[in-house]
Amino acid sequence: MRNGMRIFILSLAWLASGQALALKVVVSIPPLGAMVMPLLDEDDELHVLLSPGASPHGFQLKPSHMRQIQEADIVVSVGTGIDAWLARALRNYDGTQVVMRQLPGLVLLPKRDGGVWQESEGDHAHEHDHAHAENDAKPLEETRTDGHIWLSYQNAGLLIQEFSQQFQALQPLQQGAIVAREQATLASLEEAHQAWQLKIEPLQSQHFVVMHDAYQYFEQSFGLQALGTIHVNPEVPPSMRAVQDLRQLIRDRKVTCIFKEPQFPEARLRPVLQGLGVSIGSLDPLGFEGKLQPFEAFYDQLVSDFSACFQ
């Protein structure tokens, strides 16, 4: 009886420890899920609030999302206008939070003016924001920051390291395994980054225009030269004056490629492109219309799509 009772107690302890080891992680957008996914154990749960392929503009949390947040051990957010819709839900959340915008050492770039950019105007404020309602409550320096911070290779590495630290704190018995996965993830990202540089280097002199100003961090990482944006706010069509200015820019600077985004209709490009004979490429700042993959797969698709437009 004693041996049987001991086995029973040990079995209960093993089951309890197994349940404790499985963590629930919630992230706001797919690229964040791509960063943290390689660090998770196969028993851990990862939930992405913004469905792959969906637009963050006007996104609203469902009751199922609220349950996922309240049950999560860790919630990871960008902390900029892109996922401002998450801020209110996190006011009553008492679990572990990782906010990318708050990481020390982060690469931060100022917003740019919409429309035609002059090469000397890279420091100017940019009127577009993903969530104007939330901006009134933000510090002024944050509202002037380009919020697409996950598109910086360096920033992605910082978030992976921070998530690893928080993950280890919640799973001290798994510290060695988590550190090993972190190191492997960062090494894979560094190797991929070198390949991206070689692929994009021949395109550094190419001029292009984007649907809206989401790619400044991507451009800076590889020395690229975007000349302007079609939309100040992706939800609002450009004015006739803005269209005329962009068409003149495309002619004057011999722009060969304009990039659309899958979240927005291609029809919005027609007034700008009509009769100009430029190529239309596609860039997705959020990525993953299908299955979630590691961050380097998301970024590799961005690099490949960018390069393809100039071939």
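Before I start, a word on how to read the values: residues are numbered from 1 along each chain as its sequence is written, and side-chain values use heavy atoms, with hydrogens and water left out. Since the model is predicted, local features need a pLDDT of at least 70 and side-chain atom pairs count only at pLDDT 80 or more, while totals for chains, interfaces and linings use all residues.

Let me begin with the whole chain. The chain has 11 helices and 8 strands, where helices (H or I, at least four residues) and strands (E, at least two) are DSSP runs, numbered from the N terminus. Of the 311 residues in the chain, 48% are buried; buried means under 20% relative accessible area, exposed means over 50%, and partly exposed is what falls in between, with a 1.4 Å probe and protein chains only. Contact here means heavy atoms within 4.5 Å, and of the contacts in the chain with a separation of 6 or more, 65% are between residues 24 or more positions apart.

Now to helix H7, residues 175–200. At 1.5 Å a residue, its 26 residues should span 38 Å, and the end C-alpha atoms of H7 are 37 Å apart, which agrees; the expected span is 1.5 Å times one less than the number of residues. The buried residues of H7 are Ile 178, Glu 182, Thr 185, Leu 189, Ala 192, His 193, Trp 196 and Ile 200, and they pack against H6, H8 and H11.

Two packed helices are described by the angle between their axes and the distance between the axes. The axes here are lines fitted to C-alpha atoms, for helices over the stretch in contact, and the angles run from 0 to 180 degrees between N-to-C directions. For H6 and H7, the axes come within 10 Å and cross at roughly 175°. That makes H6 roughly antiparallel to H7, given that angles under 35 degrees count as roughly parallel, over 145 as roughly antiparallel, 65 to 115 as roughly perpendicular and the rest as oblique. Among the residues of H6 that meet H7 are Ile 160, Ser 164 and Phe 167, and the H7 residues they face as a group include Ile 178, Glu 182 and Leu 189.

With H11, the axis of H7 again comes within 10 Å, but the crossing is at roughly 0°. That makes H7 roughly parallel to H11. The H7 side of this contact includes Leu 189, Ala 192 and Trp 196, and the H11 side includes Phe 295, Tyr 299 and Val 303.

What else covers the buried residues of H11? Besides H7, the cover includes helix H2, H6, strand E5, helix H8 and E7. The buried residues of H11 include Phe 298, Leu 302 and Phe 306, and the helix, with 14 residues, reaches 20 Å from its first C-alpha to its last, close to the 20 Å expected.

A search of the whole structure finds 1 disulfide, a disulfide being a pair of cysteine sulfur atoms within 2.5 Å. It joins Cys 257 to Cys 309, with an S to S distance of 1.5 Å. Cys 257 lies in strand E7 and Cys 309 in the segment after H11, so the pair ties together parts that are 52 residues apart in sequence. The link of Cys 257 and Cys 309 is right-handed, with 105° about the S-S bond, and both cysteines are buried.

Lys 254 has a positive phi of about 55° although it is not a glycine, and at 66% relative accessibility Lys 254 counts as exposed.

I will close with two contrasting single residues. Ala 169, by comparison, is placed in helix H6 and counts as exposed at 57% relative accessibility.
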